[in-house]
Amino acid sequence: TSGNSSKVPVPKKSPGHSAFWSNHPWSQEVRKVLKERFQLRGFRPNQLEAIDATLAGKDTFILMPTGGGKSLCYQLPSIVTGGRTTGVTIVISPLLSLMEDQVSHLRKLRVKAFMINGETEAQEKSWIMGQISNAGGEGLEVLYITPEMLSKSQALIRALENLHRRNRLARLVIDEAHCVSQWGHDFRPDYKELGEVRARFPGVPVMALTATATENVKVDVMHNLKITDCEVFVQSFNRPNLTYEVRPKGKNDEVLASMAETIMKSYRNQCGIIYCLSRKTCTKVAEDLVEKYRLKARAYHAGMKAQEKSKAQSDWQMGRVQIIVATIAFGMGIDKPDVRFVMHHSIPKSLEGYYQETGRAGRDGKRSGCYLYYGYRDSATLKRMIDSGDGSYEQKSRQKQMLRNVVQFCENHSDCRRVQVLAYFAEYFRQEDCNKTCDNCKSGLVFEIHDFTEQASWAVKIVRQFQHSEEKVTVLYCCDILRGDCKRPKSPDHRKMPGYGKGANLDRATAERLFYRLLGEDALAEDNVINKSDFAVQYVILGRRASEYESGKRQMKLQVRASTNSSNAKTKSKPSVAAPKKTSGTRGGDPQSTMVSSPVQSAKERRL
Ligand code: ADP
Ligand code: MG
Ligand code: ZN
């Protein structure tokens, strides 16, 4: 891996405060500022290390999960006067709302914080510009600007150069630095130009911060910002106090019963969040939990009145309500430390979302549980939501890829959940370190990957035949045909179709998974039809990539329990391997055997 790895500190195992204070000329001041200005008792992992590095004048790259406390790494040094560089800290941040929040937060702490963006009033702007160019920036400590400003406003650049000449440009901070990289999920052209800008300010320490960086994003960011020699601070994204479990999603009543049972058995009077896909489901689930199970639950979604929402939130935060049933809109900026469980009534839209949402549990470090109810139907619903949403073709296909990653995660019953999720963030995790705190590690079942390319080809052929004869059938009907187990054929001819029984060796669940995978891969698609009794029915049709599977050009591999289905043994290709062994526990490993998520794949390809 990169030459920086020797500088990567070993990630600390759990969130908590650093036990040791460093001993630099500025250390005493840092301590004082932390307590008296920021009103905090200690540092979280890597905060002090990063602060010391930037105060020593070094370039830094900081990778920390969302909510990990990245802002403090540059906000605190900006008011420390004893570092190698002093003056104004320039923060480049892409989000106006975050900028506003931070400026008002800093003002409350008596920090001289300002911002310039497209919406700044002319008067304020000219005062700030005057401060930078003439007064040596005495009236400023932190200045937030948008990347556009820095790449487009010559006046601003000249003013900063002026500041730099007087040794009053303390540091350049690039927040959300993954925007610099085309490999990131949120590339912004204005960010890419920051490297050119940075070259104008030699000697000024740069600090790049992000919560999402695969290995190639990291390399890209360091390259584009021309800070290849920087100190890298990487913190493990693993949350050791959370347990993970994916549960099969049955009918609505069954899901509800399962959730209620878990809550009553394991979380009596403890707080939790249930995430649902739609507002309607939120309301229904909350009502049912109250009426059928006498649990203190409350709905929370964007369709409610502002007043109702803040009431629901405060009731939950104060513990008057045990369970909040919410859409994903809930949780941003919520800092409740004792959330003991997070349940997903339906699948999240991405693994990143899953990580963020489950991450709201157990902020206090105590053991907390995460439960995800997975049924294929929900992914079909989400896919339809993506298709009908507005967004470019590229955005939609990216959203669909993220959804496929979630489905793969749910259907993977052998690899450790932590290994899978952390691989998504390009972090290598040793399965042994899970200590059976996820369902897959706990079950100890052995799985094998089997090749179903031939059966997949027949499945597509069956659908093609129905489409050709203009007969509307469902996925489940096609399953019966493939397995040669059609008890009530719609036409006697169906039992004589060429594909009938070609998948007789598949058990029902495997056959269904095969079809669902074909749907997920766009080899098949579903057509929504409202039938006579006003019900939406999904009929299966051919998808964009049907012929690739039909011809066998594309392989179909599925995980199968090793003990069952021995009739497939002859098509067996290779056993599902456990995570590759490696001694170091840091990020940037090679998560080969885990989920084939595209970011990780492209990371590997890029490095070759
Ligand atoms: P990030 O930018 O990494 O997502 P923030 O900088 O916004 O995270 O910080 C998230 C929360 O953590 C904030 O509420 C912040 O006040 C709090 N926080 C940061 N550092 C500390 C600390 N050392 N001790 C206690 N709380 C902290
Ligand atoms: Mg932040
Ligand atoms: Zn595990």
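1. K226 counts as partly exposed, because 15 C-beta neighbours lie inside 10 Å. A residue is buried with 20 or more other C-beta atoms within 10 Å of its own, exposed with 12 or fewer, and partly exposed in between; C-beta atoms are placed from the backbone. K226 sits in the loop between α10 (215-224) and β7 (231-234). Helices (H or I, at least four residues) and strands (E, at least two) are DSSP runs, numbered from the N terminus. K226 is not a glycine, yet its phi is positive, about 60 degrees.

2. A word on the source. This is a predicted model: local features need pLDDT of at least 70, side-chain atom pairs count only at pLDDT 80 or more, and totals for chains, interfaces and linings use all residues. Residues are numbered from 1 along each chain as its sequence is written, while chains are lettered from A and ligands numbered from 1 in the order in which they are written.

3. E470 also deserves a look. Its phi is positive, near 55 degrees, and E470 is not a glycine. Most residues other than glycine have a negative phi. E470 lies in the loop between α19 (453-468) and α20 (475-483). With 6 C-beta neighbours inside 10 Å, E470 is exposed.

4. Now strand β5 (residues 169-174). Six of its six residues are buried. β5 pairs with strand β2 (residues 88-92) in the parallel sense, over five bridges. Two strands pair if DSSP finds at least two bridges between them. In this pairing, T89 stands opposite R171 of β5. β5 also pairs with strand β6 (residues 206-210), again in the parallel sense, over three bridges. There, L172 has V206 as its bridge partner.

5. How do helix α15 (residues 376-388) and helix α16 (residues 393-411) pack, and at what angle? The angle is about 170 degrees, and the axes are 10 Å apart. Axes are lines fitted to C-alpha atoms, for helices over the stretch in contact, and angles run from 0 to 180 degrees between N-to-C directions. So α15 is roughly antiparallel to α16; angles over 145 degrees count as roughly antiparallel, under 35 as roughly parallel, 65 to 115 as roughly perpendicular and the rest as oblique.

6. S126 is found in helix α5 (residues 122-133). Is S126 buried or exposed? S126 is exposed, with 11 other C-beta atoms within 10 Å. I116 is ten residues apart from S126 along the chain, and their C-alpha atoms are separated by 10.0 Å.
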